[in-house]
Amino acid sequence: MAFYGKNVFTVVELGTSKICVLHGTCDKAGNAELLGIGQRPSEGAIVKGTITDYNCVLKNLEAALEDADKSANTVAGRGKVYFLMSGSSLTSRQGEGNVIIYDTDHRVKSSHMAEAIKKAQNISISPDQENFGIFGSYFTINSTHRIKNPLDQHAETLNAYVHLISGSRKLINTYLGLVSELGFERGAIPVFSGVASAYGTLSSDEREYGTLLVDFGAGVCDYLVVHNDGILLSGVLPIGVDNLANDLSIGLDLSMDYCRKFLRDNTLEGLRERAQSIVEIPGITADKTRKIPLLSFEKIIDMRLRELFTIIKEQVDGAQLAHLLRAGTVLCGGGAMIPSAMEIMHNVMGNHVRRAEPFGISGAMTGVDRSPAHASVLGLLKYAAELESGTQQGSLNQLGDVLESLTGRLEKGYENFKKAFKL
Amino acid sequence: MTQQTDTAEEQNRKEPSTGTALILGIGGAGCRIIDAVSRFKNADWIQTAALDTDSDQLDGIHCDRKIAASSDWILKSGTGCGGDIIRGERAVSRERAAIAGLLNQVSLLIVTGGLGGGTATGGMRTVVSVARAAKIPTVFLLNTPFAFESYARRKNSDDCIADILPVTDVLINLPNDLLFSVLSGNIPVEKAFQMATEEMARTVLGFLALLARKSLFGTDFANFMTSLRAKKAACGVGIGIASESDGLDRSTIALKRMLESPFLGGLDRLESSDMAIVSISGGPDLQIGEMKRALEQLSSMLPKSVNLVMGAAIGPCEPGCVQLTALTVKYEHRHDVPTPRKEKKKTAVEQESQPSLFNSPVEVELELRSFSKGVFADSPPTKYKEEDLDIPTFQRRGANIDKGTTGR
C-alpha cells in the first residue's frame, strides 16, 4: 500500500518493558489513523527511562521499525518522528510572566499576551538541561481569577502562566542520535510521556474540570495535573511495575520473570475470584511445591502502591492543586491493570478513580490493544496527528494555540531545535 | 470511547441498617467474647461466628458457625499457634474461602478479638482483605494487651494496628487497662477476666444495635468512618441501657450507666477527647423530651474543646428500653496517619556528641540487617526524603512477610 499524498509520521516509545514504533497519518480534521505497528522487548537495555545499552536499543528499535513497515505493507518514509521522553532527569517548572496594560482602553491585546508568555518562559535552567515542552497553564487578569483566553478583556495587569518541561541534554542527544542512525532526516520531536498519555485518554470534560493523570509504567510513573485544558503540574517518579516485581522477588525469594508474569497476567485477581488463599509454585526439588500465602503477595503489593500514590498525593498537595481535581484521578499504563491499584489510589487520593484506555484512533489496530499499557504511545500518535494537521481541537495546549499563533508554528521552534542539535 | 469507571466503594457498599449482622470473633479472646455474645443476644438478625486455631477451645464455644483453622499446613493439629504471628497468618489465610462464605447475605460485620497473640494478630489482615472484597461495612473492635504484659505482645498489637489501619473503615482499639477502672483489686483473676469478657460482649452488642438501627439524625456508620478512617486514635466506648423498670427518668439512668462503662474510661477521658460521638437509641416509644434531656445533660458536662457529634436512632429493640452509646476519640496525630517509617537510629558519633549527665559510656546499637535492592543494585539510588525507594517498601517499614514453605 502506498502512502501517496498522505502525511506519514512515526512515533516511538523507548520504554523499560517494550520498544514500540507506530506509523500514522492524519486527516484534515486532525484525526489520527494508525497505519503500522512494530514492537520488541527492551531486554533490559532501558531502565527508568535511561538507556543502559545503546547498541541493544538500536538493534531492537531497528527491528521494531521493520516490523512497523511490514505491518503497514510498505516502507514508510523516514520523515518526521516523535518520541516519548521520560525518566528521572526530567524536571518541570511553572513560569510566570507579568504585563501592565498601559493602553487607554485597557483591553488585552495579542501583543500583551505574547509579551506575558515570552516573559513567562524566561526561567533559567542548568546548562545540562534543555526545554523541550512548553504548555500553557492559565492567565489571570488583575491577579484575580484564572481564565483561559483574556483577549479583548478589560484589565490593568495580565499574568501568563506556562508549564515548562525540560530534560537532560545528554539524554535528548542520545535519543536523537538513535533516530538519526535509523535514517530520520527531518529530525525528531520529544514529547513528555505524561502529556502523550493525557492526549490519549482524557476526555474534554476531564481536561476542563481538572484531573490528575497517573501513567504507571514498567520503569517510571509519570503524573500530570490538567485543569481548564492547561497543565499545572507534571513530574516523573522513577518507580514502576518493575519495582513491584522486584519487591515480590526479594520478599518471597522468587525469580523476577515469575514476578513480572504474576503481575502481567493478573494472577492475583484470578486467585481471589477462586477464593484461593495459597499460591503453589514448583519448588527446587521436582516433587515439591512451594506454598506461599496469597496474603504475602497482597501485603507487598499494597505497601509499595500505597507509598507510591502517597508520594504523588504529596506533590499535588504541595502545589495546592487538590481542590482543582473535580474530575478525579485517571490511571493508565501497565500498572493500572494491577487489581488493587485502583482501590489503593482511591483510598489515598480520596476522589473518583478511573482506569483509562486510549481512544480516538482508527486504522490498523491489530497488535496494539486499547489497553492502558499502550496509552502513552497511542496518545503520542494523536498528539502528532494534531500537530501535523495544524488543528488543535480542544487539545491540551489550547493556550499553546495562542502561543503558536502568536509566536509562530511549532515548526519554527522545531527549526531552532534542529539548529541546536546540528541536525 | 471506552471508559471503565469504578464507582467509589461507598456507592457499592451495602446499607448496614438492613439485612443480617455478623459478629466474628478471632483467636482465644475473640471466641470467648462470641460465647458471651451468643448468650446475651436476643435477635434473629444477629449471627455469631468464631475462628480459632485451638480446636479444644473452639468446641466449648456457643455460636452459630465455627471455623477451625490449622496453624500447620501439613498436619491438621488444632493445637493453637502458640503466639506465633506467622503461623496465625497462615492459618487464617488458609480459611479465606470459609470466611468469605460467612459473609453471604451479611450487611454489617463486626470483628472482635484480642491483639498481641498469634491467631488474631496474624489473621486480622486476611479478614480485612475478605471484608473489603465483599464491600461490607466492617467495624473492628479489638482489645489491646494490658500494660503489664510482655513488650513483644504489645509491639505485635501495635504493629498489627498500624498495618490494618490504612485499609479499615472503622477500627476501635480498646485497651484492656480500662477494665481496671471498674474492677476492684480483691476480685479473683478468673472472675475478673470473665467480667472483662462480658463487658466486651455488651459493648459489641450495644455498638451493633446502634449501627443496625435506622438513624434519625446525626450518627450512622458514615460518621464513624469519617472520624476514624485511617486516623490513629485512642478510643473509648461507653454503653448505657435503661428500661422503664429502672425508673421514671430512664434516659438519665442510661446516661449514668454509660458514664460508668469501663471501656469509656470515665468522664475525665470523655472531657479530654478530641471528638465524642454520642447517640441515643430506642424503640418507637422514645420521647423527644427524653432525647433532649439526655443529650443536653451530656453536652453541658463537656468542654467546648470536645467536638461533639450527636444523633438519635430508632429500631426494634427490647420494649421500653433506651440505650446511650458514646464513642470517644483522641487522635494521636492531627493529620492522616502517614506510612510508618523506621525511626532513624542515632549513629555512635551523634550519641557521643550529646553531653552525658553521668559521663557514662553509651552503648550503640548497630543495625545488622542489610537491605537488598535486587535488580536495581547497580542503579543509582532513587532518593525521596532520605529513603532509597528502590529498596522494597516492606523492608524499609520492617514488615514481616511470610515466605511460605521452601519447597525443598
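In chain B, among contacts between residues at least 6 apart in sequence, what percentage joins residues at least 24 apart? The figure is 77%, where contact means heavy atoms within 4.5 Å. The structure is a predicted model, in which local features need pLDDT of at least 70 and side-chain atom pairs count only at pLDDT 80 or more, while totals for chains, interfaces and linings use all residues. As for bookkeeping, residues are numbered from 1 along each chain as its sequence is written, chains are lettered from A and ligands numbered from 1 in the order in which they are written, and side-chain values use heavy atoms, with hydrogens and water left out.

Staying with chain B, there are 14 helices and 14 strands; these are DSSP runs numbered from the N terminus, with H or I and at least four residues for helices, and E and at least two for strands. Chain B has 408 residues, and 50% of them count as buried. Here buried means under 20% relative accessible area, exposed means over 50%, and partly exposed is in between, using a 1.4 Å probe and protein chains only. One residue to look at is B:R269, which sits in helix α11 (residues 266-271) of chain B. With a relative accessible area of 24%, B:R269 is partly exposed. Setting aside neighbours within four places in sequence, B:R269 is in contact with B:L178, B:A234, B:C235, B:G236, B:L264 and B:T328.

Now for the interface. Between the two chains, 52 residues of chain A are in contact with 53 residues of chain B. The area buried between chain A and chain B comes to about 4,700 Å², and carbon and sulfur atoms give 55% of that; buried area is the accessible area (1.4 Å probe) that two parts lose on being put together, summed over both. On the chain A side, A:L295, A:K299 and A:M303 supply 14% of the area that chain A buries against chain B, more than any other three residues.

On a 1 Å grid over the protein atoms alone, a cavity is a set of points where a 1.4 Å probe fits but cannot get out, whereas a pocket is an open set with protein on both sides within 12 Å along at least five of seven lines; lining residues have an atom within 4 Å of a point. Grid points are joined across faces, edges and corners, and a volume is the space filled by probe spheres set on the points. The second largest pocket has a volume of about 1,200 Å³. It is lined by 45 residues, of which A:T16, A:S17, A:K18, A:G217 and A:A218 are the closest to its centre. Several elements of chain A supply at least two lining residues each, namely β1 (9-14), β3 (32-41), β4 (46-47), α6 (241-252) and α7 (256-264). The largest share, four residues, comes from α6(A). By class, this pocket's lining has 16 nonpolar, 19 polar and ten charged residues; Ala, Val, Leu, Ile, Met, Phe, Trp, Tyr, Cys and Pro count as nonpolar, Asp, Glu, Lys and Arg as charged, and the others, Gly among them, as polar.

As for cavities, there are three of 30 Å³ or more. The second largest cavity has a volume of about 40 Å³ and is lined by A:S137, A:Y138, A:R146, A:I147, A:K148, A:H227, A:N228 and A:L232. β8 (129-141) and β9 of chain A are the elements that give two or more residues to this lining. The classes split into three nonpolar, three polar and two charged residues.

A:S166 is in strand β10 and, at 1% relative accessibility, counts as buried. Its side chain makes a polar contact of 3.1 Å with the side chain of A:R93, and another of 3.1 Å with that of A:Q129. A polar contact is a pair of N or O atoms within 3.5 Å; within protein, one must be able to donate a hydrogen and the other to accept it, and residues adjacent in sequence count only if both atoms are side-chain atoms.

Most residues other than glycine have a negative phi. A:E43, in the loop between β3 and β4 of chain A, has a positive phi near 55°. A:D152, in the loop between β9 (146-147) and β10 (157-168), has a positive phi near 70°.
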